Amino acid sequence: MALTRLKHMKKTTRSNLITFGIVIVFYLVVEALMAGGLTSSSFEGQLVPICAYVVLAISLNLTVGFLGELSLGHAGFMSVGAFAGVLLWTVLGKTLPAYVALPLAFLAGGLVAGIFGVIVGVPVLRLSGDYLAIVTLAFGEIIKNIINACYLGYDENGLHFSLTDAASMGLAPDGTTLINGAMGITRITKASTFTMGIALVLITLVVILNLIHSRTGRAVMAIRDNEIAAQSVGVDLTRYKLTAFVISAVFAGFAGVLYALNYSSLVARRFDYNTSIQILVFVVLGGMGNIRGSIIAAALLTVLPEMLRGMDDYRMLIYAIVLIVMMIFNQSPQIVAWRKRVAARFTRKKGAPAPQKEVA
Amino acid sequence: MALLEVSNLGIAFGGLQAVSQLDMTIEKGHLYGLIGPNGAGKTTVFNMLTGVYRPTEGNIILDGKDITGKNPEAISKAGIARTFQNIRLFNEMSVLDNVKVGMHNQVPYGLWTGILRLPAYREKEHEMNRKAHALLKIFDLDEQADLKASQLPYGKQRKLEIARALATNPKLLLLDEPAAGMNPNETEELMQTVRSVRDQFGIAILLIEHDMNFVMGICEEIMVLDYGRMIARGDGKAIRNNPKVIAAYLGGD
């Protein structure tokens, strides 16, 4: 009964429901396995990062797959979100109950990442292609280096801040250091759980999928497909590019908070160029513009390196090769034509007999 | 008052004066043709009318409002829609969605209405789907509504582009070589469609076309451009016998 209804549903609605189904089934299976004591602790430690990377991949897909702009600074948004969220959590977590402080921490992370999205997006979205990639790449590196040099603390006189070293903050002896330069934030009260991670994944899915299938999403995809034509039917390019870019940044911020609250310390080095590339690999491997693909790729590629620890030295090398192969596989005209021929042969086998037979 | 009044319009790219001293009036509900040899500046005129290029001199008044030098979004909102010489569809989007993007400013709702699926979402999407299907039906495209635009055959892509332009609810429709690459049957069919679009929507249409049968067959008035200047305007017969036009096309002293 339910299945027949699923068959008659609109194609996009059905596809979305399957995506939600995959996430929920994954959650239930993992929870059941954990309850039965069938999971290793290293796998359990991977669960929150998996959720964070899934959210990152979905959000980057909005920029890369739906807006059609290559961004190499996604880890930068993750970083500012993580630091904002963790700071708020450290300060408020002591006084407010967790169910108030945690959502506030997430909101702060998303908000700060979104603000950075606007700051970077306004000038950068006038560029396109390689230039956009270069500027976002630089943004990620700049953010990393600035936070690495940040010293922040508070005492009874209020907040103290320095970009040189801990001493020049002028903190009273009984003051508390919040960010300690390259050492980052330490002694974080871990708060992230797998359930929280899955909840964030589901929220991200609802928002991004609804967005894509709305007027705004169509405007964004129209810009990707043909800027001049989009403009000619009255689509405001700057506005919709910025909307997509900022929403993408906000969710990277949420993911950053989720990720950071899974560990007892947080350093800016963790959100470097390699992390941005890693998220991009999830998106490219899962298929640009394919949300379900992003989810599966992010989950698999987070778990696999852990299982294949022996090959750790070669991971970035393998990523690079995979990226190149995927680009060729998806973009090279000859290979695309070859794939179409193969696909056509398969559909013909399944469907009606080949046309020659009909003639005979 | 005329729907579109263009006076003394001109544009120079560096030292090259592509169009100069162009005057043009377009009345509501009429069909106009813009012809001329290659490089005469026809598409440049379209690009100025739609805000792709900013004219260096002159004025464009649409329905009493000065739209000279406005950007393409603003001009689309003001009521001019166009198609392109080299088809520009949203290739990865469905045929239906191409038309729905055309309704971007006709059936608007906000970002949050879409994300939170507020009641207005369902209502507006329903309205858009209904209107889009009706438009596609006129162009005999409703069967292919769910295909990707890039999967349509060439002739249908041209039609979809017109449907998308009409979705913006224009007062004036500009068609840039609508019959290019079509065979005689398709051209004949397109003539019927263009005529019926004009009758059904009551809009003015200005088209650039090299197929003289097409132009002579449906345009009530023809304007001839050569070296960026209008050298003649009138009905088909007058244009055909105009010595300046013959000289422009065939060469002469």
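Leaving aside its neighbours within four places in sequence, which residues is V54(A) in contact with? They are V201(A), I295(A), A298(A) and A299(A), where contact means C-beta atoms, placed from the backbone, within 7 Å.

A quick word on ground rules. This is a predicted model, in which local features need pLDDT of at least 70 and side-chain atom pairs count only at pLDDT 80 or more, while totals for chains, interfaces and linings use all residues. Residues are numbered from 1 along each chain as its sequence is written, with chains lettered from A and ligands numbered from 1 in the order in which they are written.

Now look at chain B. Where the two touch, domain 1 of chain B puts in 11 residues and domain 2 of chain B puts in 8. On the domain 1 side, β7 (172–176) and α7 (184–201) of chain B each supply at least two residues; these helices (H or I, at least four residues) and strands (E, at least two) are DSSP runs, numbered from the N terminus. The largest share of that side, 4 residues, comes from α7(B).

Next, the meeting of the chains. Chain B brings 27 residues to the contact and chain A brings 21. On chain B's side, the elements giving two or more residues are α2 (72–78), α3 (95–102) and α4 (111–115).
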